[in-house]
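Have a look at it first.

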Amino acid sequence: MRAGRRTRIPLVLGVAGVCLLTLIMAPMMMVSTFPSIVGGELPDCEAAVKNVSAESKAATADIPSDYLKLYRKYGKQVGVQWNVLAGVGKRETDHGRSTLPGVRSGTNYAGAAGPMQFLIGTWGGKAKIKIPSKFNGYASDGDGDGWADVYNPADAILGAAKMLKRNGAPEDVRRSLFVYNRAWWYVDQVMEIARKYAEDGAVAVPSQAEPACDEPLVQAAPSGTVAQILQYALAQRGKPYVWGGTGPDAFDCSGIIYMAYRNAGLTIPRTTFGQWPFGVRIDAGEEQPGDLVFFNAGPGTSANNPGHVGMVVSPGKMVEARCTLCGPIKVTTYRDRTGIIGYTRPLQNPQVLEQLRLKEQG
């Protein structure tokens, strides 16, 4: 079934910022599924990200060369699986080859347009938008001509990559596809196509997205208290970011940390601004699970007033609720991130030490 035959649900879009400055965005756009195949091997929990497969013979035979280059380019640039992007392009318009209404001009009956079948409202309100300009949507200028044109394959594929990223890819790729087009049969069909396009027949996900990686992280915690903290924080992975959120359904960056410590019976400050001076400073390279890593991020923040925080779960990795447009809560790498201003250890704060002492007594 092609794009012109589906039921679509419109999207209300917002503009996002950093951890302490963001607007909440509603879900999005399009609407399709074969069952997923789950292998029995344990994931490589030491690798930051699994390598994305080369294209299969089926991919090179079916995908036009210019489209294949765009899927690979923007998949890598945005950080989503290239073969999932290609699966969407195939399912929506056969990589732009469809002659149905709305693919090359106008819209289909549901208001969708272009090779990746965006609703015009989801794109930004118009099919062609001058860049830069103010708009709410995924309109993108992929070819650098100063316009975001929903009918331009480079622009449309870059916009689709951004949308998948915002809604959970590459970690929760099925969720991101469901938001793209709200039907599980669509999700299954795109995943089946994506697997056929990969040389190894897989849709690779970052290793930190594997639930099997949680147990080794918790078992490696330096104490039972840290294990409790990590267990709670990791269990929130996949939930959305909401400014001011402290659960149970959504969190902001400092909210998930506050609640993780609270789960272990410990009270620390609620906000990033309060958490930064609370913990004992730790030198880079000395951080351990349960410690916090702070970033100079966003308006009104500085080296002494950080705007974002994550919790270290293992050397080089943290769990974080980053921002509305950054996808769900996830484990990410931090050592290659810009704007780090320092590390702290809340468990060494005198107030927390007293709380721990009372817990042991009681």
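What follows goes from the whole chain down to single residues.

## The ground rules

This is a predicted model, so to speak with care: local features need pLDDT of at least 70, side-chain atom pairs count only at pLDDT 80 or more, and totals for chains, interfaces and linings use all residues. Residues are numbered from 1 along each chain as its sequence is written, and side-chain values use heavy atoms, with hydrogens and water left out.

## The chain as a whole

The protein chain comes to 12 helices and 10 strands (DSSP runs numbered from the N terminus: H or I of at least four residues for helices, E of at least two for strands). Of its 362 residues, 53% count as buried, where buried means under 20% relative accessible area, exposed over 50% and partly exposed in between, with a 1.4 Å probe and protein chains only.

## Rings meeting rings

There are 7 aromatic pairs in the structure. Rings of Phe, Tyr and Trp (its six-membered ring) pair if their centres lie within 6.5 Å; planes under 30 degrees apart are stacked, over 60 edge-to-face, and the rest tilted. Take Tyr232 and Phe251: their ring centres are 6.4 Å apart and their planes at 85 degrees, so this pair is edge-to-face. Tyr232 belongs to helix H9 (residues 224-235) and Phe251 to the loop between H9 and helix H10 (253-263), so the pair ties together parts 19 residues apart in sequence. Both residues, Tyr232 and Phe251, are buried.

Elsewhere, ring pairs join Phe118, Trp123 and Tyr180 into a cluster.

## Charges over rings

Arg281 has its charged end over the ring of Trp276, 3.8 Å from the centre. Arg337 does likewise with Phe295, at 4.9 Å from the ring centre. The test here is NZ of Lys or CZ of Arg within 6 Å of the ring centre and within 35 degrees of the ring normal.

## Two buried residues

Lys330 lies in strand E9 (residues 330-333) and has 6% relative accessibility, so it counts as buried. Setting aside residues up to four places away in sequence, Lys330 touches Glu171, Arg237, Met318, Val319 and Glu320 (contact means heavy atoms within 4.5 Å).

His95 sits in the loop between helix H3 (82-93) and strand E1 (112-113). At 2% relative accessibility, His95 is buried too. Beyond its neighbours within four places in sequence, His95 has contacts including Asp62, Tyr67, Tyr71, Lys90 and Tyr197.
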